Amino acid sequence: MAMARVTRREFLRAVGVGAAALSAVALLGDCASSRSTGPGLASTGTVKGTVTDLGGAPQAVGRIYLLEDSGLNDGQYADVASDGSFDFGAIPTGQYQLRFWGADLADVPESLPNPVRITVTAGQTTVVQFRIVLGAQDTNLRQIDVGDYFFQEEPYGLPNGTVVVPLGTLVCWYNVGRMTHTVTGGPWGDSGPLGLDANFNWLANQAGTFPYRCTFHAPAMQAVLQVTA
Ligand SMILES: [Cu+2]
């Protein structure tokens, strides 16, 4: 079915998505693991969930990344199955984040959290529901996560690596860490302090190689943005 192309913001305005539609995170008691008494089991919980559209229908699209509490993506993921479910199995207890990645096929609306912070509790199952919007996404947008203490392009970049984008790209730095950071350097100057979940955007309107840093955490936290003509 042909649909008019709308931006994500226009779409969300049209369907009236607000804070009430936040992705749900629930903790379920896992009877099977709490009955088990083998050594080591108490130090893990399980993480799983579903991907649905905004109407709640399961969608078999995308991949879920398991990020560290700092926001670091070290490459752990679970693909979304044909019934819209994903399952990481047993992982060590602690704080993590889950990020939905739909390449250019789907994305989480900007009004909903992505990544989502979770706590993995011993012997319990953490269930996360991602609500997504299907359809071609804006490929002129690149996201660089800002964490404790690194810059990292999602979903494949190395921490504090070089990101190469063509002229005209909208580069969005998004703070996924727990600390306040800055994005400082290059033609954009200084983002100012970015608190929890804050972001900073720059339309790459100038070619060149631009080292940048976090003023609070350099030299540990610095990276390079290269804009090609
Ligand atoms: Cu910093």
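Predicted model: local features only at pLDDT ≥ 70, side-chain atom pairs only at ≥ 80, totals over all residues.
Strand β13, residues 170-175, runs antiparallel to β16 and is joined to it by five bridges, where two strands count as paired if DSSP finds at least two bridges between them.

Residues are numbered from 1 along each chain as its sequence is written. Local features need pLDDT of at least 70 and side-chain atom pairs count only at pLDDT 80 or more, while totals for chains, interfaces and linings use all residues, and side-chain values use heavy atoms, with hydrogens and water left out.

## The four-stranded sheet

These strands belong to an open sheet of four strands with mixed pairing, in the order β11-β10-β13-β16. Because β11 (150-153) and β16 (199-203) stand at the edges with a single partner strand each, one side of each is left without a neighbour in the sheet. Neighbouring strands of this sheet are turned by 20° against each other on average, direction ignored, with axes taken as lines fitted to C-alpha atoms, for helices over the stretch in contact, and angles running from 0 to 180 degrees between N-to-C directions.

## The hairpin of β3 and β4

Strands β3 (residues 63-68) and β4 (residues 73-79) run antiparallel and are joined by five bridges, with Tyr65 opposite Tyr77 in β4. Four residues lie between the strands of this hairpin, in which Gly71 takes a positive phi near 95°.

How values were computed: Helix = DSSP H or I, 4+ residues; strand = E, 2+ residues; numbered from the N terminus.
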